[in-house]
Amino acid sequence: MNFTAASALAATVSQAAFHGVKLTWVDNTNNENGFEVWRRPVASSVWTKVVTTFANVTSVTFGNPTSGGYVYKVRARRWVSLLQMWIYSHWSAERYVVLQ
């Protein structure tokens, strides 16, 4: 039970978010319940979920805890009532951003 992953993930430094990050992506599915945005510091292999969106959202802007390099990725999710569980798309491509 797969569905299409988000594509064209872009990460830019956002002055509006006090040197935070703005992520944008293309929603390639019409039946997701939302997207999960995950982040990790460049020097770490540990990913952390930073936000879950509603369906059809294709951008988020948020601050980062500290300066440095971060890697982001996004996946779509859908609740399957019959199975009583979430299913997920494949991950988007990863994007790297450096905050001063």
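Modeller: The model is a predicted one, and what follows should be read accordingly. Side chains of opposite charge can pair when their charged atoms come close. With the criterion of a Lys or Arg side-chain nitrogen within 4 Å of an Asp or Glu carboxyl oxygen, three salt bridges are counted.

In one of them, Glu36 meets the side chain of Arg75, with an N to O distance of 2.9 Å. This pair joins distant parts of the chain, since Glu36 belongs to strand β3 and Arg75 to strand β6 (residues 68-80), 39 residues apart. Arg75 has a relative accessible area of 15%, so this residue is buried.

Glu36 also forms a salt bridge with Arg77, where the closest N and O atoms are 3.6 Å apart. Here again strand β3 supplies Glu36 and strand β6 supplies Arg77, so the contact ties together parts that are 41 residues apart in sequence. Both Glu36 and Arg77 are buried.

A further salt bridge joins the side chains of Glu36 and Lys49, at 3.6 Å from N to O. Lys49 lies in strand β4 (residues 48-52) and Glu36 in strand β3 (residues 34-41), so this pair ties together parts that are 13 residues apart in sequence. Lys49, with a relative accessible area of 38%, is partly exposed, whereas Arg75 is buried.

Taken together, Glu36, Lys49, Arg75 and Arg77 are linked in a network of salt bridges.

For context elsewhere in the chain, β1, β2 and β5 make up an open sheet of three strands, in the order β1-β2-β5 and with antiparallel pairing. The edges are held by β1 (7-14) and β5 (59-62); each has a single partner strand, so one side of each is left without a neighbour in the sheet. From one strand to the next, the twist averages 10°. Six bridges connect β1 with strand β2 (residues 20-26) in the antiparallel sense, and Val21 in β2 is the bridge partner of Val13.

Methods
Residues are numbered from 1 along each chain as its sequence is written. This is a predicted model: local features need pLDDT of at least 70, side-chain atom pairs count only at pLDDT 80 or more; totals for chains, interfaces and linings use all residues. Side-chain values use heavy atoms; hydrogens and water are left out. Helices (H or I, at least four residues) and strands (E, at least two) are DSSP runs, numbered from the N terminus. Buried means under 20% relative accessible area, exposed over 50%, partly exposed in between (1.4 Å probe, protein chains only). Two strands pair if DSSP finds at least two bridges between them. Axes are lines fitted to C-alpha atoms, for helices over the stretch in contact, and angles run from 0 to 180 degrees between N-to-C directions.
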